[in-house]
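Here is a short briefing on a protein structure. Keep the sequence and the 3D view open as you read.

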Amino acid sequence: MSVLNPSIKRPNLFKFTVPMVAAFGAIFGFITGNIYHQPLIGLFAGVIVGALLAMGLDRLAALPRWQKIWGTSAAFAVVGAIFGGVGGIVGGAVVGLSMGWFTTWIGSGRYRAGVPSYYTPGQVLWHNSFLFICAFVFFFLIAPLLPVAWLSFNAEDFFTFTPEMLSFKAEGYSLKHYYDFLGSDEWMVPLKNSLIIAPIATLISVSLGTLAAIGLSQSHVPGRQAIMAVLISPMIVPLIISATGMFFFYAPLGNWLQANLGLNQAFVGYVKVILAHAVLGIPFVIITVTATLVGFDRSLTRAAANMGADPVTTFFRIQMPLILPGVISGGLFAFITSFDEVVVVLFVGSARQQTLPWQMFTGLREQISPTILAAATILVTVSILLLTTVELLRRRSERLRGMSPG
Amino acid sequence: MKLVTKLMTPLAAATAIAALSGAAVADDHMSSDMTIVSWGGAYQDSQIKAYADPYLEMNDGVSITWDESSAEAVAKMRAMNEAGNVTWDLVDVTAASAMRLCDEGLAMEVDHDEILAAAPDGTSASDDFGDLIVSDCFIPQIVYSTTVGYRTDLVPEGTPEPSNICDLFDLATYPGKRSLEKRPINTMEWALLCDGVAKEDVYDVLATEEGQEQALAKLDTIRDEVIWWSAGADTPQLLADGEVFMGSTYNGRLFSAIVEQDQPIGMLWDAQVFDLDGWVIPADLPEERLARVKDFVKFATDTQRLADQAKYISYGPARESSAPLVGKHAELGIEMAPHMPTDPNNAQNTFLYNYEFWADYRDDIDAKFQAWLAQ
């Protein structure tokens, strides 16, 4: 069963498996009982169901494990259907799945599969508790996103799980908040603004940040640490302080641009917000590019120079392709910083530069509407896609580095 | 060098375009765009439908940008003024904020008869708006009220639905959470009223130290059951969730939750507190922008436009001459008059936000109230 521990004995049914599964069942019973305001009855029912399940599945030892798990899930779903309709089916299936998994996991002795055979029960307990704690950490990080996505399909105009939603009836759901989001100027103008501001700000941060990182990686630059600290500071200084400073810095600058160059107010507004966001993005680019440069072999630039390439050609033909993954992931961070940013744009921008987070911020305060949730769901999806790209690029870069000599 | 030129070309082109479009503005001595600040939500929608859209239809080439910043209008106008970069052209604020902005010189003083249209029968604007012109800078639009909503399905069986403001403090008859605004205004008045103080004496009592203690002591009796709100959208959301049984909010929000969203919510009109909302024009606007704003305000506050606004939201028009023109809801087709806070049936027992009292005592009572909250 395991490399570490080839001969796992099945634990004693009545001394170990039954009490464990009963305790596990008690947790679900308590939660389910709470919904019906009868936590204690639920607790006892959970203990009994757990114990019976443990004994029942032990009798069926010959069946493959997956059959036991899905069988339990199906049985629970049927019971759920009797008591709670469609919602009960889903709830029952989920509870049954975890109960079935847990029972077979405990009952077959698999819980010892990951640890060496000389471990004491206490060590085994700690090993498995540790894994459960890790799983819970992930759960609590991800879980808050799920109700947001779920509620965004609400058919009502409030942040409320209606009874129709909970019992999975079609009339409780609608795409109207997505239509609201996609079909109204109120949201499309901010989206357009975000899509104007974020890419340009990213472009500026990436160009300046990459150049700064390359410069700062040269050993002959005086005061490198100090310059680095200054360039990184927008990431460390509380945003509200940077924002206030930027407000008073950019206001006269904007006035000057308008008065002396004849630029119109809207254009100047975009320039101000883009520059402010570029400043916020630069530290991310510097950090990722600096990290990539650590693995960059300087003798390659010398070799290029030796063959007659000028520094600009060397940069674009030799250095840039090798540090590109770092540049791109820095750029993605800079993009997300600008795309998610609300404090600075509230200070520096005017209503014409209203970005998506700004609209969400005011929308949440003035009219609690699930359109915000629809927008959030779309943004989360976009963010996940972007981060997946970063991760894939990082893997690619690691693979390439592993293959390159030295 | 090549790279630099490449980068510069689109930038230069953008600059040229921007400069050109900037030059087009000068025609007609009115700027072609306005930034109007309002509250967002259903209220801003009513403004857009009742006067902004019709105005844009009449004036080709004009555009309006909406900024939903009325909640922090005073702070933002101070900051903009300090930075010398006022981007707003017209700001929707409550009367109390208008008074503050006027005192600080951030809003422009206006001659109401000169810049606003007279009523159709020739009554001058200042007579038509009457007492509601509470400040030289303030151009009234609507009368709204702060009142109390409750969940109809959570009323205990055999008990009549709440109808009196003091039911808010009656935990024995109407158990359940309450949501109240996280500031003393309205809340303190209601507390005194329900502690046996006569309506005409409320402000005299509240002016004294003992009176303030009395109001807080009354609030102490329900304190454990109170969720404090700070944005107008909170109470309707809490009521829709069933998280609170009763809560105070603006009457238009309750109208929207009850009539438009069809939630199991009822509302009281007892001891509703009237307040005013209207426009102010920022001080020292450039001439062209000011000309455009004046043109818009004259149109947006005329008798018909204010009456039209009531088709979209249940707030009373500030002009006396608009009241008879209030018609039916634009989409639902129901008569709006019975949903107006100013309707005689609803206005049997009302308070008018006492501007003078709160201007004098606000800081003091605010400090006490916040200290009490923090206890």
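Start with residues 191-391 of chain A: the chain there is 84% helix and 0% strand. The end C-alpha atoms of that stretch are 26 Å apart. UniProt, in an unreviewed entry, places the feature "domain: ABC transmembrane type-1" at these residues. Keep in mind that this is a predicted model.

**Domains of chain A**
- The domain assignment of chain A gives domain 1 (13-143) and domain 2 (178-403).
- The C-alpha centres of domain 1 and domain 2 of chain A lie 47 Å apart.

**Helix 11 of chain A**
- Helix 11 of chain A has 30 residues, and at 1.5 Å a residue it should span 44 Å.
- Helix 11 of chain A is mostly covered, with 24 of its 30 residues buried.

**S205(A)**
- S205(A) sits in helix 8 (residues 185-216) of chain A.
- Is S205(A) buried or exposed? S205(A) counts as buried because it has 27 C-beta neighbours inside 10 Å, and the cut-off for buried is 20 or more.
- Leaving out residues up to four places away in sequence, S205(A) touches A278(A), G281(A), I282(A), V285(A) and A334(A).
- S205(A) and N34(A) are 171 residues apart in sequence. In space, they are 52 Å apart, C-alpha to C-alpha.

**Where chain A meets chain B**
- In this model, 24 residues of chain A are in contact with 26 residues of chain B.
- On chain A's side, helix 10 (239-261), helix 11 (265-294) and helix 15 (356-366) are the elements that give two or more residues.
- Helix 10 of chain A gives the largest share, six residues.
- The chain A side divides into ten nonpolar, ten polar and four charged residues.

**Two loop residues in chain B**
- A271(B) lies in the loop between strand 8 (265-267) and strand 9 (272-280) of chain B.
- Its phi is near 55°, a positive value in a residue other than glycine.
- A271(B) is buried because 24 other C-beta atoms lie within 10 Å.
- D284(B) lies in the loop between strand 9 and helix 12 (287-300) of chain B.
- The phi of D284(B) is near 60°, again a positive value in a residue other than glycine.
- D284(B) counts as exposed because it has 12 C-beta neighbours inside 10 Å, and the cut-off for exposed is 12 or fewer.

Terms used
Residues numbered from 1 in each chain as written. Chains lettered and ligands numbered in written order. Predicted model: local features only at pLDDT ≥ 70, side-chain atom pairs only at ≥ 80, totals over all residues. Contact = placed C-beta atoms within 7 Å. Helix = DSSP H or I, 4+ residues; strand = E, 2+ residues; numbered from the N terminus. Nonpolar A, V, L, I, M, F, W, Y, C, P; charged D, E, K, R; others polar. Domains from an automatic or database assignment. UniProt positions renumbered as here; feature names shortened; annotations may be inferred. Expected span 1.5 Å × (residues − 1).
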